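Please find below some points for a reader who is opening this entry for the first time.

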There are 4 protein chains.
Amino acid sequence: MPMMTGEAYRTSLLDGRRCYIDGELIRDPADHPLLKTAVASVAGTYDRFYDPSPDAYHPMYTIPRTREDMDKRVAALGRSDITAGTTAACMALVEVAPELGKLRPEYRDRVYEFFDWCRTNDVRCSEAITDAKGNRKKRPSQQDDRDAYVRVVDRTREGIVIRGAKLHITGAPLVHEQVVLPTKSMKPGEEEYAVACSVPSNAEGLKIVNTTNAPRGDGDLRHFPISGRTNMPEGLLIFDDVFVPNERVFLDGEVSHAASLAHALGLWERSNAVAYSGSSADRLVGLAALLAEMNGAADRADIRDLLSQMAIFATMCRAGWEAAMANATQNDDGAPLPASLYISASKFYNAELHGQMVDILHDIAGTLLVEAPSMADYDNEEIGEDIREHLAGESGWSAQDRLKLLHYVRDLTADTYGGWIAVTESLAGGGQYAQRLVTLRHFDLNNAKELARKAVGLEVGA
Amino acid sequence: MPMMTGEAYRTSLLDGRRCYIDGELIRDPADHPLLKTAVASVAGTYDRFYDPSPDAYHPMYTIPRTREDMDKRVAALGRSDITAGTTAACMALVEVAPELGKLRPEYRDRVYEFFDWCRTNDVRCSEAITDAKGNRKKRPSQQDDRDAYVRVVDRTREGIVIRGAKLHITGAPLVHEQVVLPTKSMKPGEEEYAVACSVPSNAEGLKIVNTTNAPRGDGDLRHFPISGRTNMPEGLLIFDDVFVPNERVFLDGEVSHAASLAHALGLWERSNAVAYSGSSADRLVGLAALLAEMNGAADRADIRDLLSQMAIFATMCRAGWEAAMANATQNDDGAPLPASLYISASKFYNAELHGQMVDILHDIAGTLLVEAPSMADYDNEEIGEDIREHLAGESGWSAQDRLKLLHYVRDLTADTYGGWIAVTESLAGGGQYAQRLVTLRHFDLNNAKELARKAVGLEVGA
Amino acid sequence: MPMMTGEAYRTSLLDGRRCYIDGELIRDPADHPLLKTAVASVAGTYDRFYDPSPDAYHPMYTIPRTREDMDKRVAALGRSDITAGTTAACMALVEVAPELGKLRPEYRDRVYEFFDWCRTNDVRCSEAITDAKGNRKKRPSQQDDRDAYVRVVDRTREGIVIRGAKLHITGAPLVHEQVVLPTKSMKPGEEEYAVACSVPSNAEGLKIVNTTNAPRGDGDLRHFPISGRTNMPEGLLIFDDVFVPNERVFLDGEVSHAASLAHALGLWERSNAVAYSGSSADRLVGLAALLAEMNGAADRADIRDLLSQMAIFATMCRAGWEAAMANATQNDDGAPLPASLYISASKFYNAELHGQMVDILHDIAGTLLVEAPSMADYDNEEIGEDIREHLAGESGWSAQDRLKLLHYVRDLTADTYGGWIAVTESLAGGGQYAQRLVTLRHFDLNNAKELARKAVGLEVGA
Amino acid sequence: MPMMTGEAYRTSLLDGRRCYIDGELIRDPADHPLLKTAVASVAGTYDRFYDPSPDAYHPMYTIPRTREDMDKRVAALGRSDITAGTTAACMALVEVAPELGKLRPEYRDRVYEFFDWCRTNDVRCSEAITDAKGNRKKRPSQQDDRDAYVRVVDRTREGIVIRGAKLHITGAPLVHEQVVLPTKSMKPGEEEYAVACSVPSNAEGLKIVNTTNAPRGDGDLRHFPISGRTNMPEGLLIFDDVFVPNERVFLDGEVSHAASLAHALGLWERSNAVAYSGSSADRLVGLAALLAEMNGAADRADIRDLLSQMAIFATMCRAGWEAAMANATQNDDGAPLPASLYISASKFYNAELHGQMVDILHDIAGTLLVEAPSMADYDNEEIGEDIREHLAGESGWSAQDRLKLLHYVRDLTADTYGGWIAVTESLAGGGQYAQRLVTLRHFDLNNAKELARKAVGLEVGA
């Protein structure tokens, strides 16, 4: 089956799916003012890799085996949310497949078949993991609302029926398959919640309610140079007794393995974040350096010092990824696993310091960051000339370039998109407290204690 | 002369001023989609204090003499930007008046006359201090563009003519008088830049280019509960050879006193920020506590710990203001001066930690903060019921209250308004590096050195 | 009864008390190499305030009623550990006396009688609060060792018998009375642990095992300018069935009031720490400024910036105390209570940042801090001249003054005494986690929530 | 020439060198109370690697070529200061040799000959780099004291004569050769200061004044389990017109290359610190875990959270080294270069957070850390039993093991040795400000700016 073009992709979304935004049913995502940019961006990832030969498939479906594979992949794909999500969902399943196979061989087979089907049909998947949760102190089975976590409510010879809701599903209205995974470990008695499966976006009984970080602003995209190009919707999936055929069920009741899937997805999500954290941080340093230059402050000692703090941040972000790759392992089927310990520590480090780095960036930028005149002011006959004179920057920076830079940094860090990014990037995969505990779980505390016992001269292994 | 009503205020803005926004001349601020809320809010401060008796005047024109005066004032006025700006500008002038009087007695007289005129006519003023600046490493007189700092370009028997631009003027299109002050200390040879005066908003040759933090979003103000009510424009003032009559000139060429005015304004601006920092921080703690409750996490030890960090922050913010008032002094004419040392240290502390506190708030809120469904989704017939079920919070929080809370916190901290506030509050009055140096200037370093010398046993006073 | 002179104090210690240090019984504290400095220092506080008139008493026994009283007291007493301890123990009892009186009137009477007795006899007291504790996750009554917390093991008509151990008792071998207080709240069933009383240091069955931060070094006190003069022992009190007569029993079995005493002592301990934190921080700033001067770096921008960070720290420490005093309250008998909220927040702030301030101090000092030649090297004929040449500092700093300063700062921050201080000051009264929770307990969270509810537009008081 | 045994090493120190400590000339380091432990420790590194075959040499003289070589080396040598110093000094010379060779071929030859000579004679070297410096704002040539930086004062056909002082020379009285390197870049006109050479410790005119972190305490080494075993002296080298023969002169007047040597040494010093930072941090985590266990608090959520913060710190330290090795390069002669950028960023990160980690350790330990009874108390007949009862820890920790652990952690972090380590480790190679600037120098800021320009849509390469 040949790959899809961007055009084919657009058409593929007209499959009867029930997607909503701002209280209205979406007729055609490709034509909706708040979604069309996102659709265009995904279509672009189709066109860019399109190859008409019948055996061709998208490079994200090549399982990387070496560090070089990984580097190429990171460079080729970029941090496109849909592609990243498809990768994370599929890789998590593939990762855990050998283990699932020990449980029930058909689980392993179904995973590989699903992976092949996705590759062959050139589809995109979401990672549907976070449940509505209800009371966070209670177990799924103790909630007042039994549907607070997605669960199996019925079972036939042909498949299962699921009910509940999943939150924060990136790109939900733009993918073909919603890959449903349990959000955390389950205990005996919670069999109904230990469910993993894949559901087509147009499945009967599935509704998708969306929000987006697309700009709703003044219509002049020069003020939204990032969010105007790279926004992405996030969906709330409502499963109202959705039937899932057996061949798309990857876990059904085996509570012992619910956590494995959640952890595998978590690792890939975090890995994706860490892989791009270095270049993202480098860009931040670069923006700060340009802002300093523009303000005629690039050589001031205090500004150099701020830049050096950002440079250290960027370097440590890179170091985390380097270490995770240098210590990567493989599962039984040869699929790669970046080292969890480095990935989770780096993820924490990045989220912990990101806000401070943005504060530094703002400190260098100055208040003009949020109060720069609009491009329409710049174009205006009566005041444009004044703006060109009074807002020209130093070191040859024209007012136009200066405004471009300011609007870019505002969009990235001090406006709707910036707020969205700050919240989602730091909280994706759990808050900082959870991240710390995940790291401690991966850390060899016993080894550290033995080291300490030996140093102190206490009986070792006690 | 009687006080103005809100209605009279609205009318008073139709005085021929040349104000622009988004590249267009503003006909009537009270009727402009991006300004009318701000105008209504200022009109409200007129109506709320309106008193028809001929001698009545607005309480902000009462110079506080005691701690109680100060507390009442803080409680009565709230942190309304226009009122705060008027207060800061007038108080800074009054503060420095005795000192200016030693220089030239008429300066002191003019300041008090201006203050009386403002009070009698019930007008509002801006604080126009920040210059366009150009190259920050060069002195005003060394800039390529001689007009990078506002300066006197001509002088007649009746007054002076000024040229240049002032940035970041809060509420500029909504005030009656633009109070122009020098942005920093000046040196001999820079007499033309040592200028303080007041200019009516409709002065010939003055143009005001504006931006705003008013929401441009989806029109549903339920999504912008703060910014939809309390937004304020910021103006870029362009002085294109504006004439200022002598009676409105408070400094003209005395470089020795340029810094006094800048410092006095800085003190009042910072004082205003510090005075409200405690209650603003308390609100943040309260929001965090509600979010925790809503998520069923209010009793979790890690969440309690996060709340305690926020409570400490709020308490230290209050402590700064308490200490500044407990150590306040008075100028020669009896006008009060909150203690600069405490004000500047507290301002720094607040700005330094504010970002971390917001990070904690986000950590408690979770990703739903930016991805909450819209109120239109909630109202929708097909999906509203699902949202009411799946988004109901814990501890009896209905989905509606939960959405209200989430949209409020998003508007305050993770959207356009939040970004604006974060940048302007931390940078108003200079970045953190400048704040630190200001504090060091107020700190009695010699005393500290003597303490240390005595402790070490070195010759004291060496 | 007249006050004691220093000499009388020395003699008063020869009362048969069983004190140990380094595995040996101490014959005469005033003559022991590791204790004599501490004794001399306490004797000094007797001599300094000695007044032969029969009604005279030490100023620490004047209960302060006003802010001025408090300031005078802080200035007069200095942070002498024994005096501070006596104050805290007595003030805590006096604080809670009215409340105890409601429980049993004789408790209140005994407290005031004890206070009068202490004042009249000019004695010094310890604050014996921390229990050995055992397993921190278990309640006192659940410990394997029933004596892990001090408890009443017998009761006669004349008094009670107590058993157990108290840790970290500052100045224990140098005081006359050990004031025993419960370490925390107790619950029904733990009556035996709800005990407060006072025990003379030479009570039958009491043993005191001591450690000290006195220098054990090279005997040249020029290398230990602080610890050689102001060291203080800390004792472990072992109560081996010690009888306490009724008139010294202030609580016996009323579990409801165990926490009040612990909290009252905690407040006075923390208050004492906070009262001196400002001047202590100022001294740190002064030392840093001198070190910078000595290294010829006082004008460097990066060094000025470091100094400004320290100055802000010192200022916020002072602000905490100012706010606590400005918001002080009084108990039913008129005894003053610095505001708990500000005290605990300031205590946390100080401990949290103190380490960073010391790091800055070290950064300015450079490695010479710990590697400065000894004063004997300086005196040596062969190498003294070289040291005088090569270690002379800038700005006229002689090598001698430079060495003096370096040895002072090393003793204060990077040697035995420094380590002791860092640990005890930050942990006295519980670790930082406990401090945070204490602050949250004093913080009006409900008010904050109401503020937030009102702001969001939710039903208030819900 | 065969390798030396430990015994031979001891004897080799009796070569007439003029070493001082505490104002006295040292007769025999191996027999001096403050030096003998250090000598024994170095002797141990001789005995451990001793091989009688004539061609054998110490493994530190094998230049590592691969990551595996490097790992083995790190594991084999441990962080013994003398070995590390010898390595750093020799590797720095070897590193720069090709570059020096381009300047004058004999420089390169001499370096390799010196390296061979050191290897063959099995000697140890110091890294003598830091000058006395004088006024840090003035260049070497502008100092009042021309000898503030070591310089060439005379030159003969056979060699040069140097004068001045070098500070902070680790192990100076215990090495055979003092490798003198310029402390920083030099400018034209400062030729006399651009000098690198090696001087035997017993050279005529060389005096070495020492300090040490060896315990001077109570003689019971159970209280100094680390510093009693691994202390090391630091010397102040005074060059009083010392003659250096040509074959030991590696740079003489070529100001262009002074910085290369300083940077090469800096890289190796920092690399050594970073290489061991991971295991050192792991040990810290282990100690914290044991302390928590001992206090019965290992399962408390707040303690787990503190441990996780330490685990993240340890992991990021390791990540820095992993990244530096994964990105290592080689010089023209094949000698390896860990990637400077990662090394300097990691060094900064480690020093920045180390203090916080120690604070956490202390928080978990509690005040008993500095107030634990002495081992003599434990041994005492009268009170030993009480101590065994009251100080027994949880989870089966005996009082003895508990005291062992407490004394170990105190020695490591809260006593003389701890203070020394904290200061020297964080400041070795310059303070944190310098470390930041070094990182910025290695960071590709132009690349970051191009990334940013491209993202913003500005002309690239402008």
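How many residues does the contact take from chain D and from chain C? The points below start there; the model is a predicted one.

1. The contact between these two chains takes 66 residues from chain D and 66 residues from chain C. The area buried between chain D and chain C is about 6000 Å². Carbon and sulfur atoms give 55% of that area.

2. Polar and charged pairs are found across this interface. Between chain D and chain C, 17 residue pairs are in polar contact, counting pairs in which both residues have pLDDT 80 or more. The largest share of the side of chain D that touches chain C comes from helix α14 (residues 416-427) of chain D, which gives 6 residues. By class, that side of chain D has 22 nonpolar, 22 polar and 22 charged residues. The rule finds 4 salt bridges across the interface of chain D and chain C. A salt bridge is formed by C:Glu382 and D:Arg18, with the closest N and O atoms 2.7 Å apart.

3. Chain D also has an interface with chain A. Here 55 residues of chain A are in contact with 55 residues of chain D. Together chain A and chain D bury about 4700 Å², and 74% of this is on carbon and sulfur atoms. Which three residues supply more of the area that chain A buries against chain D than any other three? They are A:Ile312, A:Met316 and A:Val456, which supply 12% of it.

4. Salt bridges occur between chain A and chain D as well, and the rule finds 4 of them. In one salt bridge the side chains of A:Asp305 and D:Arg436 meet, at 2.6 Å from N to O. The count of residue pairs in polar contact between chain A and chain D is 8, with both residues at pLDDT 80 or more.

5. The side of chain A that touches chain D draws on several helices. The elements giving two or more residues to it are α7 (258-294), α8 (301-326), α9 (340-365), α13 (399-413), α15 (432-442) and α16 (445-456) of chain A. Of these, α8(A) gives the most, with 17 residues. Sorted by class, the residues on this side of chain A are 32 nonpolar, 10 polar and 13 charged.

6. Some chain pairs do not meet. Chain A and chain C do not touch, and their nearest C-alpha atoms are 7 Å apart. Likewise, no contact joins chain B and chain D, whose closest C-alpha atoms lie 7 Å apart.

7. Within chain D, 4 strands form an open sheet with mixed pairing, in the order β3-β6-β7-β10. Why is one side of β3 and of β10 of chain D left without a neighbour in the sheet? β3 (125-128) and β10 (249-252) of chain D stand at the edges and each has a single partner strand, so one side of each is left without a neighbour.

8. Strand β7 (residues 195-200) of chain D runs antiparallel to β10(D), and 3 bridges join them. D:Val195 has D:Asp252 in β10(D) as its bridge partner. Helix α4 (residues 81-103) of chain D packs on the sheet and touches β3, β6 (177-180) and β10 of chain D, its direction making about 65° with that of β3(D). Helix α5 (residues 105-121) of chain D packs on the sheet too, touching β3, β6, β7 and β10 of chain D. The direction of α5 of chain D makes about 145° with that of β10(D).

9. Chain C has an open sheet of 4 strands in the order β3-β6-β7-β10, again with mixed pairing. Its edge strands are β3 (125-128) and β10 (249-252) of chain C, each pairing on one side only. Strand β6 (residues 177-180) and strand β7 (residues 195-200) of chain C run antiparallel and are joined by 4 bridges. C:Val179 has C:Ser198 in β7(C) as its bridge partner.

10. In chain A, strand β4 (residues 151-155) and strand β5 (residues 159-170) pair in the antiparallel sense over 4 bridges. The two strands, β4(A) and β5(A), form a hairpin with 3 residues between them. The bridge partner of A:Val152 in β5(A) is A:Ile162.

Key:
Residues are numbered from 1 along each chain as its sequence is written. Chains are lettered from A and ligands numbered from 1 in the order in which they are written. This is a predicted model: local features need pLDDT of at least 70, side-chain atom pairs count only at pLDDT 80 or more; totals for chains, interfaces and linings use all residues. Side-chain values use heavy atoms; hydrogens and water are left out. Contact means heavy atoms within 4.5 Å. Buried area is the accessible area (1.4 Å probe) that two parts lose on being put together, summed over both. A polar contact is a pair of N or O atoms within 3.5 Å; within protein, one must be able to donate a hydrogen and the other to accept it, and residues adjacent in sequence count only if both atoms are side-chain atoms. Ala, Val, Leu, Ile, Met, Phe, Trp, Tyr, Cys and Pro count as nonpolar, Asp, Glu, Lys and Arg as charged, and the others, Gly among them, as polar. Two strands pair if DSSP finds at least two bridges between them. Axes are lines fitted to C-alpha atoms, for helices over the stretch in contact, and angles run from 0 to 180 degrees between N-to-C directions.
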